[in-house]
Amino acid sequence: MATVDTKKTKGPAKTGPVKTAQARANRALPPGYARSRGKQVQELLDEETVEVPWQLRHSEFTYLGSAPLSREHYISKEWAEREIEKLWSKVWQLACFEQDIPEIGDHIVYDIVDWSFIIVRTTNNEVKAFYNSCLHRGRQLCENQSESANSPEFRCPFHGLSWNLDGSLKQIPPSIEFDFPHVDKKKFGLPEVRCEIWDGLVFINIDDNAEPLLDFLGDITKHFERWPFATRWKATHTAKVIDCNWKIAQEAFMEAFHVLATHPQMSIGLLGGDGSNTEYNIYDDGNANWSRMTMAPPMPNPNLPYELTERELIEEMFYRGESVSEMGVQKMSGSINDLPDNITTRKLLADAARARGTPGFVGLPPTDMELTSAIQYHIFPNISPWPGPIFYRYRPYGHDPDKCIFEIMMMVSLPKDQPRPPAAKIKWLGPDEQFGSIFNQDVENVARVQRGMKAAKPPGHLTLTNYQDIKVRWHHRLLEKWLNA
Ligand code: FES
Ligand SMILES: [Fe+2]
């Protein structure tokens, strides 16, 4: 059994100028169709030992050109105002999860820019959303953003007018009722905002004429039939105001090739991959507002200046590893010689997840890919659900293009018959508090991106890659469509 030369593997792996047949073949391909060295995600799926779901085989890509992207999308106050007028006032957006408001009377506040809405469970089967503004002199009826609460009514703290959960007026305090003779109490209900639910996710839309939610979402709903949210429990929910535009924060999670420079500790100093074998999909079927990326699971990095075998990588990761706890990898006992000859790193990790009995994919025989890779969907404009437990949301911070709200939720899949604890309440992190580990590197990075973009020599256009930035380009393509409508 060969062992890894530790001189080669000390610290982050260095990538080298490897000339391969693939590199030559790439030069002959049309723009956007060149790929990194090494096995691609679809080739890895060919090696699965359980049935591969059609969702993972639904791999679409369309070249969207190589044009530069204007930095104004991120730094211009005028652009941010156009987004408010043309996007946030008209698009379906995630307000909360049904599990945030499980009991009648449970309600939560969702804020977006200057708008504020109360999302309330009115019956066991109904959720409604109201403008969070008193009809008397306009005070907010509910205050705590994202803090769910329960009450049998909405009573304004200013002068005491109150409304029922269904929005109808409950009472004008008797002592002041004499002064409201001009008010038709039957017509003095709280104005509603469109509110529709997909699989436990509660969306609102300020536009009364918007298409139905499910039409907007398109075929992503079919993809998530395999990973339903109804079986998930929101175990954690963390939020932080960070110093960049909401799109810069989001786009830090729309590609994985920044792992090479931003997260060199991942996959044991990049020996297990540098993100360049990630698959990117955009679903350009005329109705799609979503995209996906699938990071290849740990495997010998094909960009090393020397060949690394699966066994050598396994030995380094599981038998010698000292710095891999962030990846959830534990040092293995015993000898590597106990492992089958054809063992792969991903198979070892996937089987370990199965053995723990917490694969997070209840009711499925999950593939190695689902258990060991980061599969991330993005639903336009601002959420990213994973088949795995992670879920992101990004929101503008008021009218300020230089700030945003970034939220990370852990949506854990639980067996249907297992009682689930209450959904986690949102925990707001202060300026000096951090999300932890790898996320901190992203959060520090995105603030520097915002700053650097503003510092660029005009016009300061951005030069995106043809393939690996395709989700970023697609997102801006959709955004421009909305802003120009
Ligand atoms: S502002 Fe709400 S009761 Fe007066
Ligand atoms: Fe990152």
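This is a predicted model: local features need pLDDT of at least 70, side-chain atom pairs count only at pLDDT 80 or more; totals for chains, interfaces and linings use all residues.
Hi everyone, let me start with a pair of cysteines: the sulfur of Cys 244 lies 4.1 Å from its closest cysteine sulfur, in Cys 404, and that is too far for a bond. A disulfide here means a pair of cysteine sulfur atoms within 2.5 Å, and by this rule the count is zero. Cys 244 is buried at 0% relative accessible area, and Cys 404 is also buried, at 0%; buried means under 20%, with a 1.4 Å probe and protein chains only.

Residues are numbered from 1 along each chain as its sequence is written, chains are lettered from A and ligands numbered from 1 in the order written, and side-chain values use heavy atoms, leaving out hydrogens and water.

Now, Thr 278. You'll find Thr 278 in the loop between helix H12 (266–270) and strand S12 (279–282); helices (H or I, at least four residues) and strands (E, at least two) are DSSP runs numbered from the N terminus. Thr 278 is buried, at 1% relative accessible area. Its side chain reaches the backbone oxygen of Gly 275 at 2.7 Å.

Last, a helix pair. H13 (residues 310–319) and H14 (residues 345–356) pack at about 45 degrees, with axes 9 Å apart; the axes are lines fitted to C-alpha atoms over the stretch in contact, and angles run from 0 to 180 degrees between N-to-C directions.

Notes
Buried means under 20% relative accessible area, exposed over 50%, partly exposed in between (1.4 Å probe, protein chains only). A polar contact is a pair of N or O atoms within 3.5 Å; within protein, one must be able to donate a hydrogen and the other to accept it, and residues adjacent in sequence count only if both atoms are side-chain atoms.
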